[in-house]
Amino acid sequence: SNCGGVEAPLCYLKANITSQSLDLCKVSGIKNASLIPPKFVTLPVGSILPQGWLKQQLGIQAAGLSGHLPLFWADIEKSSWIGGNADGGLHERTPYWLNGFIPLAYQLNDTKLIAMVEKYIFYILAHQTDSGWLGLDDQQNG
């Protein structure tokens, strides 16, 4: 394919079932012939899934602390992010946990873990302020 006068190679992604041909100009937004096409292209979500040793390690993580944290740690279980007050003004624990837990749940495609994720995400999005703010506003809520 031609990218602003520069010949750009096509990229073939090996997805789970079918291969996709991507035009690097469209993916990278290259519009200037003086720019070199990127060597790597962002892969679509779900195009790579864990297998073998990695999947086993993620399963261990899910069966351990990551998958059980909201079942026993009040700072997560009753976080201000889901209407509680157990985190005592430190509102960072739940987002940090979710930052790792969301990809874990979806990479494993574990319905129980995804249900835990959805409990938090649906509540957080349902309580977004009119200005777009997510979570407590420490300026207004202390």
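Q: Leaving aside its neighbours within four places in sequence, which residues is serine 79 in contact with?
A: Serine 79 is in contact with Ala74, Gly84, Asp87 and Thr94, where contact means heavy atoms within 4.5 Å. Please note that this is a predicted model, in which local features need pLDDT of at least 70 and side-chain atom pairs count only at pLDDT 80 or more, while totals for chains, interfaces and linings use all residues. Residues are numbered from 1 along each chain as its sequence is written, and side-chain values use heavy atoms, with hydrogens and water left out.

Q: Where is serine 79 found, and is it buried or exposed?
A: Serine 79 is found in the loop between H4 and H5. Helices here are DSSP runs of H or I with at least four residues, and strands are runs of E with at least two, numbered from the N terminus. Serine 79 is buried, with a relative accessible area of 0%; buried means under 20%, exposed over 50%, and partly exposed in between, with a 1.4 Å probe and protein chains only.

Q: What joins the side chains of serine 79 and aspartate 87?
A: A polar contact of 3.2 Å joins them. Such a contact is a pair of N or O atoms within 3.5 Å; within protein, one must be able to donate a hydrogen and the other to accept it, and residues adjacent in sequence count only if both atoms are side-chain atoms.

Q: Turning to helix H3, which of its residues are buried?
A: In H3, residues 65–72, the buried ones are Ser66, Gly67, Leu69 and Pro70. They are on the same side of H3 because they cover an arc of only 155 degrees around the axis, taken from the directions from the helix axis to the C-beta atoms.

Q: What do the buried residues of H3 pack against?
A: They pack against helices H2 (52–63), H4 (74–77), H5 (93–108) and H6 (111–126).

Q: And which residues are exposed on the other side of H3?
A: Leu65, Leu71 and Phe72 are exposed there.
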